[in-house]
Amino acid sequence: MTLALDWHLSRALLEWQTELGVTDAILAEPVDRFAAFEARQNARQNAPQNAPSDTRDAPRPARAPASGPVPGPTTGPSDPGPDPVAAAARLAARAPDLASLAESLEAFDLCALRRGARSCVFADGDPRARVMIVGEGPGADEDRQGLPFVGRAGQLLDRMFHAIGLSRRSPDAETALYITNTVPWRPPGNREPTPEELAMLRPFLVRHIELARPDVLVAMGNVACDALLGRRGILKLRGTWTEALGLPVLPMMHPAYLLRNPEAKREAWADLLSLKARLGAPR
Ligand code: URA
């Protein structure tokens, strides 16, 4: 049986979903709801006083998201546009320090994730730290606060590292942590970054690590292992030291996984002890 999806049926379906509690349409591509809101506000302000209340035909103002304009596709099918990975590599390589890298990343407008995010979450902690943690990507709390690992998983991460004497708030570089993610913008609906998004943003991550020059990297979960090692399978990889970008890397289970599987905290503790042993006595 085929169902003709006319206006009335579409509306009935929408109402049914609203009744079920659906509040948002989650798409693979992020929707910039801040820009949409601003556009509606502008349309209202710009509408002539005696215009009919239906603003469907009102001129659409240009989008101007808080973090700068993010153009939509500007090229036709015959023009593939700029290669985003090459563009990212060029920009990242040009950054002489972390502040410039953060600026370049914030201005990088070829990644669609940027459109749906409120913040560009660059890093937290002390860039002089011996240990640099690479997580997956910001969630809702991180997007709101502009800092990595500040939600429930982040609080567990803080407790885990505190147990071996390390903290992102330590004033001493010896016992400090530096924390970043594979992607700086929250993927819609907390989905994993796609392989394309990871590849596009990897040059920024690599440069970030080059500029911070930690003694060791901790790859938190599968996505970080994918970005740093080109491998997944965290339950096998965890706890075994490996190498990436000329640095020792310790893959660990993501704290979000540990929240869902508290029985795995035993192995996570073993990994933390391995990290502590690797760092040895303070230099
Ligand atoms: N999970 C991550 O991997 N990174 C964050 O910043 C927050 C949650």
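Q: At what angle do helix H4 and helix H8 pack, and how are they oriented to each other?
A: In this predicted model, helix H4 (residues 98-107) and helix H8 (residues 195-212) pack with their axes 10 Å apart, where helices are DSSP runs of H or I with at least four residues, numbered from the N terminus. Axes are lines fitted to C-alpha atoms over the stretch in contact, and angles run from 0 to 180 degrees between N-to-C directions. Angles under 35 degrees count as roughly parallel, over 145 as roughly antiparallel, 65 to 115 as roughly perpendicular and the rest as oblique. The angle here is about 170°, and H4 and H8 are therefore roughly antiparallel.

Q: How many nonpolar residues does the contact of H4 with H8 have?
A: From H4, Leu98, Leu101, Ser104 and Leu105 meet Leu201, Phe204, Arg207, His208, Leu211 and Ala212 of H8, contact meaning heavy atoms within 4.5 Å. Ala, Val, Leu, Ile, Met, Phe, Trp, Tyr, Cys and Pro count as nonpolar, Asp, Glu, Lys and Arg as charged, and the others, Gly among them, as polar. By these classes the contact of H4 with H8 has 1 charged residue, 2 polar and 7 nonpolar.

Q: How is helix H3 oriented to H8?
A: Helix H3 (residues 84-94) packs with H8 at an angle of about 15°, their axes being 7 Å apart. That angle makes H3, relative to H8, roughly parallel.

Q: How many residues in the contact of H3 with H8 are charged?
A: On the H3 side the contact is made by Pro84, Val85, Ala88, Ala89, Leu91, Ala92 and Ala93, and on the H8 side by Ala199, Met200, Pro203, Phe204 and Arg207. These residues divide into 11 nonpolar, no polar and, as charged, 1.

Q: How is H7 oriented to H12?
A: Helix H7 (residues 152-162) and helix H12 (residues 265-279) have axes 10 Å apart and pack at an angle of about 50°. That makes the orientation of H7 to H12 oblique.

How values were computed: Residues numbered from 1 in each chain as written. Predicted model: local features only at pLDDT ≥ 70, side-chain atom pairs only at ≥ 80, totals over all residues. Heavy atoms only, no water. Helix = DSSP H or I, 4+ residues; strand = E, 2+ residues; numbered from the N terminus.
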